[in-house]
Amino acid sequence: MCKLNAEWIAFSALLYDGMINYTISLENYERPTHNSDFSQVYYNIYSVPKLAEEFKKYGYEHVYYQPFEIDIDISKPEHRNLGYYTVQTIEGKRLAFNTCLYQPEGFIFASRK
């Protein structure tokens with residue numbers, strides 16, 4: 001992405017504002033494939049400080065992170081397969097989940113100027 005040499009880059013992803021990257025592999029037995037009794041699903045949660053370090057190596061001096069805060073309630077699916085839903089905290093914020101996995105969604109904007 002950085003090698004495109006654009007003036008700015010913006011994207012959404014699963015992001016963590018700390019020095020840990022997560023690589024998560026799920027084996028979903030609710031959805032077998034032709035070759036296996038499960039399907040493989042991958043999630044990556046990226047470290048915002050590590051992303052900023054990488055962007056700066058390519059000349060993107062300004063990196064901004066904005067957590068996404070969903071403002072609607074989404075009911076938990078009744079099925080046991082993968083499914084997106086929200087849980088409201090005591091403070092009134094909503095956390096997004098897919099099955100049992102918390103989804104820390106956010107936005108990154110990086111610019112050269």
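In what order do the five strands of the open sheet run? The order is 2-3-1-8-4, with mixed pairing. Here strands (E, at least two residues) and helices (H or I, at least four) are DSSP runs numbered from the N terminus, and two strands count as paired if DSSP finds at least two bridges between them. This is a predicted model, in which local features need pLDDT of at least 70 and side-chain atom pairs count only at pLDDT 80 or more, while totals for chains, interfaces and linings use all residues. Residues are numbered from 1 along each chain as its sequence is written, and side-chain values use heavy atoms, leaving out hydrogens and water.

Strand 2 and strand 4 (62–67) are its edges, each pairing on one side only. From one strand to the next, the twist averages 35°, with axes being lines fitted to C-alpha atoms and angles running from 0 to 180 degrees between N-to-C directions. Strand 2 (residues 22–28) runs antiparallel to strand 3, joined by seven bridges; Asn28 stands opposite Ser39 of strand 3. Strand 3 then pairs with strand 1 in the parallel sense, over two bridges, and Tyr16 has Ser47 of strand 3 as its bridge partner. Strand 1 and strand 8 are antiparallel and share seven bridges, with Ser12 opposite Phe107 in strand 8.

Ser39, Val41, Tyr43, Ile45 and Ser47 lie on the covered face, whereas Gln40, Tyr42, Asn44 and Tyr46 lie on the uncovered one.

The largest nonpolar core has 10 residues: Ile9, Phe11, Ala13, Leu15, Val48, Leu51, Phe55, Tyr60, Ile108 and Ala110. Such a core is a set of buried Ala, Val, Leu, Ile, Met, Phe, Trp, Tyr and Cys residues joined through side-chain atoms within 4.5 Å; buried means under 20% relative accessible area, exposed over 50%, and partly exposed in between (1.4 Å probe, protein chains only). Strand 1 (8–16), helix 1 (48–57) and strand 8 (105–111) each give two or more residues to this core, and strand 1 supplies the largest share, four residues. Another core, of six residues, lies apart from it and includes Leu14, Ile24, Val41 and Ile45.
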